[in-house]
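Subject: Handover of a structure and notes on what was found in it

Dear colleague,

Please find the structure below, together with its sequence. My notes follow it and are meant to be read beside the model.

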Amino acid sequence: MSDDSPPPEQDDSIDPRRAHSEPEGLLLAEPCPADHPNLESVRFLLDRWQAARADNPDRLPPREAFSPETLGRLLGRISLLEPIDGGRDFRFRIHAGIAADVGGLDLGGKRVGEMPYPDYREAIVRLFAAALEVEAPQLERMRINWFGTIYDYIDVAVPLYDETRGTPVILSILLHFDVDRPTYVSRYRSASVDGEPDFFEDE
C-alpha cells in the first residue's frame, strides 16, 4: 500500500481519499497500461532491466545492477522482497519508506501473508509470483480502502536475481495512478531486517 499524505494545510475531514461507503480491503486489481503517464518516472529503470536481460537472456538481471545511488527519488517508493514457500508468499527485506510513512505500518521482515485484508495480500502475491514466473516486469493498478483511506496506485514488480544470496527477488516500486497527485518524497528509510547490511540500507 502506498499513496502520499495530503498537504499539511489540507483539512483531513475533506481529504478526497477518505472512504465513505466503500468496504475495507481490495477494491480493484487490474493490469496497468504500459503507456500510463506516471510510469515515465520508472522508464529508465525498466530500460536498464531490458538492457541487462538482452545482454544475458538466460538469467534475470542481477540485483547489484540497481544500486540505490542510481534510483534517485524512487528510493522511498521501493520495497525489496524475497519469495518464500516456493513463491506462495513473499517476505519484505525492505519496506518502502513512503508506504511505511503513510500506511502507519513498517512491514520490514514480515510476510505479505501477514498484511491486512486477504484479497489484497493475495493480489500482491499473484503479481510478484507472475513476475518471477514469466521473468519480466509486471504492472498492476491496485485500489484499496486501507483502514478508511482510499489508495489508488501502480505496483511495478521487477524480478531480479540476488547473486550474493542465490535467490530471485522482487523490486516493487509504488507509484500514483492519479496523474494529478503531487510527488511526495519520504523522510523515512527502512533499515535492513537481516543481520548483515542490505543493499538498500543507509551507508
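**The sheet and its pairings**

Strand 5 and strand 6 are antiparallel partners, joined by 10 bridges. One of the pairs across them is L160 with V169, the latter in strand 6. The two strands form a hairpin with 4 residues between them, and G166 in the turn has a positive phi of about 70°. Please note that this is a predicted model.

Strand 5 (residues 149-162) also pairs with strand 4 (residues 138-146), again in the antiparallel sense, over 9 bridges. Here I144 stands opposite Y151 of strand 5. Strand 6, for its part, is joined to strand 2 by 4 bridges, and these two strands run antiparallel. I78 has I173 in strand 6 as its bridge partner.

How well covered is strand 6? Of its 10 residues, 9 are buried, and the strand is thus described as mostly covered.

These pairings belong to an open sheet of 6 strands, with the order 1-4-5-6-2-3 and antiparallel pairing. Which strands lie at the edges? They are strand 1 (25-31) and strand 3 (89-94), each of which pairs on one side only. From one strand to the next, the twist averages 30°.

Helix 3 (residues 118-134) lies across strand 1, strand 2 (78-84), strand 3, strand 4, strand 5 and strand 6.

**The protein as a whole**

The protein has 3 helices and 6 strands. Read from the N terminus, the order of these elements is β-α-β-β-α-α-β-β-β. The protein comprises 203 residues, of which 49% are buried. Its exposed surface comes to about 9800 Å², with carbon and sulfur atoms supplying 49% of that area. Of the contacts between residues at least 6 apart in sequence, 64% join residues that are at least 24 apart.

**Aromatic residues**

A search of the whole structure finds 5 aromatic pairs. One of them is the pair of Y117 and F147, which is tilted, with 5.4 Å from centre to centre and 45° between the planes. What does this pair tie together? Y117 lies in the loop between helix 2 (97-103) and helix 3, whereas F147 lies in the loop between strand 4 and strand 5, so the pair links parts that are 30 residues apart in sequence. Y117 has a relative accessible area of 13% and is therefore buried, the cut-off being under 20%.

A further pair is formed by Y120 and W146; it is edge-to-face, with 6.2 Å between the centres and 75° between the planes. Y120 belongs to helix 3 and W146 to strand 4, so this pair ties together parts that are 26 residues apart in sequence. Are these two residues buried or exposed? Y120 counts as buried at 0% relative accessibility, and W146 is buried too, with a relative accessible area of 5%. Y117, Y120, W146 and F147 form one aromatic cluster.

Y117 has a phi near 70°, a positive value in a residue other than glycine. F147 likewise is not a glycine, and its phi is positive at about 50°. Y117 is found in the loop between helix 2 and helix 3, and F147 in the loop between strand 4 and strand 5.

Another ring to inspect is that of F177: R141 lies over its face, at 3.8 Å from the ring centre.

**Where to begin**

With kind regards

Terms used. Residues numbered from 1 in each chain as written. Predicted model: local features only at pLDDT ≥ 70, side-chain atom pairs only at ≥ 80, totals over all residues. Heavy atoms only, no water. Buried < 20%, exposed > 50% of the residue type's maximum accessible area, 1.4 Å probe, protein only. Contact = heavy atoms within 4.5 Å. Areas by Shrake-Rupley, 256 points an atom, 1.4 Å probe, with all protein chains shown as cover. Pairing = 2+ DSSP bridges. Axes fitted to C-alpha atoms, helices over the stretch in contact; angles between N-to-C directions. Phe/Tyr/Trp six-rings, centres within 6.5 Å; stacked < 30°, edge-to-face > 60°. Lys NZ or Arg CZ within 6 Å of the ring centre and 35° of its normal.
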